[in-house]
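Here is a short note to read with the structure open. The points can be checked one at a time.

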Amino acid sequence: MEGNGIEHRTVRANGINIHLAEKGEGPIILFLHGFPEFWYSWRHQLHALASLGYRAVAPDLRGYGDSDAPADVNSYTYFHVVGDLIGVLDAIGADKVFVVGHDWGALMAWYLSLFRPDRVKALVNLSVAFPPRDAMNKPVDTFRAFYGDEYYICRFQEPRAIEAEFAEIGIDKVLKYALTSVAAAPFYLPKGKALREQIDIPITLPSWLSEDELKYYVTQYEKTGFTGGLNYYRNFDLNWELTAPWAGSKVEVPAKFIVGDLDLTYNTPGFKENINFDVMKKHVPLLVDVVVMKGVGHFVQEEKADEINQLIHDFFRKF
């Protein structure tokens, strides 16, 4: 399923082992995945950007794929992951790189750029916009107030609880639904009934995801489970506490933001207003463009791989 010259290795970074998939030679692009993904969600970008003269590097973030998964739930903060990424850059001999992030990878890319702008040439982020810190309200309290206890982020907070429900449903069914069928609306997981109605509805895979590709996702998650990725959600409030010194800080790297109009994030109340170019530029002053792709869902880099590859290349070639 990998093939075509993608190389794999493990580096030591920030005290843990981080698995890398990479291809090509030239300026480095660091690709950061989200949930429920791993390096493989960037397979199209690794091939395309390598062919355009870049060295494309996609790590499995801590807790995912073939990277280490620390047992402590509090070991998945922005600081831990950004520390891992700096360690990866040092391990591969990269002083300053281009960065592309999606979902949680986009959040980590924003914070990498906020904490260490000296290591980032330019940034393309997908799906998740930079979240200015609300000084008064913890994130999980805000989610719960807006959407209730069955909102997916609120359901993810209790360690092992949602994992047990997903195990009963089956990793294959959970991934098939998560990757292809989440609606463009707030996402709910009723306790004890999570996805029970949805998984009984037959799902026809979209053109951008083959049965073999889905099987590769399933094979990886059968080895790792979901806990590593879910632990990122369990650190929303801790991240909020730890980032207090950066309240009001701006992301000072050249940036481009891309989202699909069928992405559940785009259809979250307030999101469209926050990605208005002038509003977003207050927090990301070197923002160059905001692109809303019509008819595209959450996994934009897979759904519209050719278009995303071109947008990345057109932006990075300026630097």
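1. The model is predicted. Start with two helices: helix 1 and helix 14 cross in the right-handed sense. The residues that touch are His44, Gln45, Ala48 and Leu49 on helix 1, and Ala305, Ile308, Asn309, Ile312 and His313 on helix 14. Sorted by class, this contact holds five nonpolar residues, four polar ones and no charged ones.

2. How is a pair of packed helices described? The angle between the axes and the distance between the axes are used for this. Here the axes of helix 1 (residues 43–51) and helix 14 come within 10 Å, and they cross at roughly 50°. Helix 1 is therefore oblique to helix 14, since angles under 35 degrees would count as roughly parallel and 65 to 115 as roughly perpendicular.

3. On the overall content, the chain has 14 helices and eight strands. Its C-alpha atoms fill a box of roughly 50 × 45 × 40 Å along the principal axes. The radius of gyration is 18 Å; a compact globule of 319 residues would have one near 20 Å, so the chain agrees with that expectation.

4. Eight strands form an open sheet in the order 1-2-4-3-5-6-7-8, and the pairing is mixed. Strand 1 (7–13) and strand 8 (287–293) are the edge strands, each pairing on one side only. On average, neighbouring strands in this sheet are turned by 20° against each other, direction ignored.

5. Strand 7 (residues 255–260) pairs with strand 8 in the parallel sense, over six bridges. In this pair, isoleucine 258 is opposite valine 291 of strand 8.

6. Which strands does helix 14 lie across? Helix 14 (residues 305–316) lies across strand 3, strand 5, strand 6, strand 7 and strand 8, and runs at about 155° to strand 6. Helix 3 (residues 104–115) lies across strand 3 (28–32), strand 5 (97–102), strand 6 (120–126) and strand 7, and runs at about 150° to strand 6.

7. Two backbone details deserve a check. Phenylalanine 35 and proline 36 are joined by a cis peptide bond, with omega about -5°; proline 36 sits in the loop between strand 3 and helix 1. Asparagine 14 is not a glycine, yet has a positive phi of about 55°. Asparagine 14 is in the loop that runs between strand 1 and strand 2 (16–23).

How values were computed:
Residues numbered from 1 in each chain as written. Predicted model: local features only at pLDDT ≥ 70, side-chain atom pairs only at ≥ 80, totals over all residues. Heavy atoms only, no water. Pairing = 2+ DSSP bridges. Helix = DSSP H or I, 4+ residues; strand = E, 2+ residues; numbered from the N terminus. Axes fitted to C-alpha atoms, helices over the stretch in contact; angles between N-to-C directions. Contact = heavy atoms within 4.5 Å. Parallel < 35°, antiparallel > 145°, perpendicular 65-115°, else oblique. Left-handed = near helix turned anticlockwise from the far one by under 90°. Nonpolar A, V, L, I, M, F, W, Y, C, P; charged D, E, K, R; others polar. Rg over C-alpha atoms; globule rule 2.2 N^0.38 Å.
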